[in-house]
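Subject: Structure handover

Hello,

Here is the structure I promised to pass on. Please open it first, then read my notes below.

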Amino acid sequence: PFALVLEDDAVLARRFTESLERAARELPDFAVAYLGAGDNWHVPRHQRRAGSLLHPALNSRTTDAYLIPRAAAAARLAWLAEHPMSKPIGHVYNDCDPALGVTVLWAEPTIVTQGSFTGRFASAIHQKRPRWMQAILFSYRRIARALR
């Protein structure tokens, strides 16, 4: 009934299975739920709904981890077939989801992190930086965004 999409550097939270089941229960039929910390973007506390894992958002977080029902995935694929891509897929989703009426949700707390961002895995994208430096930068960004 839905697909779980994970990038190759996904690091799952300790209670990932329980949280994924919860997200699947909360997920509307024509929506997408971004589950990952995606470059440290989080739902501001004042926008979180008590008792919910998934919260409304205006755009995609990143494509590191998301849950999408069959109907929304089919609509995205049809849209992509008609619209040539000229930018990264996460940015393309920011164009197609509003056009299709796909509801965008972010998980908070997040249940996936990107191991290449945290320094756990080497990265072809960030290969100029040592993994220890990538870990420090990730932690700094997390703290800086939390303080905003």
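Let me start inside the sheet. Strands S3 and S5 run antiparallel and are joined by 2 bridges. Strands here are DSSP runs of E with at least two residues, helices are runs of H or I with at least four residues, and both are numbered from the N terminus. Two strands count as paired if DSSP finds at least two bridges between them. Ala33 has Leu67 of S5 as its bridge partner.

A word on the source. This is a predicted model, where local features need pLDDT of at least 70 and side-chain atom pairs count only at pLDDT 80 or more, while totals for chains, interfaces and linings use all residues. Residues are numbered from 1 along each chain as its sequence is written, and side-chain values use heavy atoms, with hydrogens and water left out.

**The chain overall**

The chain has 5 helices and 7 strands. From the N terminus, their order is β-β-α-β-β-β-α-α-β-β-α-α. Of its 148 residues, 37% are buried. Buried means under 20% relative accessible area, exposed means over 50%, and partly exposed lies in between (1.4 Å probe, protein chains only). The accessible surface is about 8,900 Å², and carbon and sulfur atoms hold 57% of it. That area comes from the Shrake-Rupley method with a 1.4 Å probe. Take the contacts (heavy atoms within 4.5 Å) with a separation of 6 or more: 77% of them join residues 24 or more positions apart.

Now the pairs. S1 and S5 are antiparallel, over 5 bridges. There, Val5 has Tyr66 of S5 as its bridge partner. S3 and S6 are parallel, over 4 bridges. Ala33 stands opposite Leu105 in S6. S4 and S6 (residues 103–107) are antiparallel, over 3 bridges. His55 stands opposite Trp106 in S6.

In a regular strand, side chains alternate between the two faces of the sheet. S3 (residues 31–34) is covered on both: Ala31 and Ala33 are buried on one side, Val32 and Tyr34 on the other. S5 is largely enclosed by the rest of the structure, because 5 of its 5 residues are buried. Ala65, Leu67 and Pro69 lie on one side of S5, Tyr66 and Ile68 on the other.

**Helix H1**

Which residues of H1 (residues 16–26) are buried? They are Phe16, Ser19, Leu20 and Ala23. These buried residues fall within an arc of 100° seen down the axis of H1, so they line one face of the helix. The arc is that of the directions from the helix axis to the C-beta atoms. Thr17 and Arg25, on the other side of H1, are exposed. The cover over the buried residues of H1 includes S1 (2–6), S2 (10–12), S4 (54–56), S5 (65–69) and S7 (112–114).

Thr63 sits in the loop between S4 and S5. Its relative accessible area is 15%, so Thr63 is buried. Leaving aside residues up to four places away in sequence, Thr63 touches Glu7, Ile89, Gly90 and Tyr93.

Best wishes
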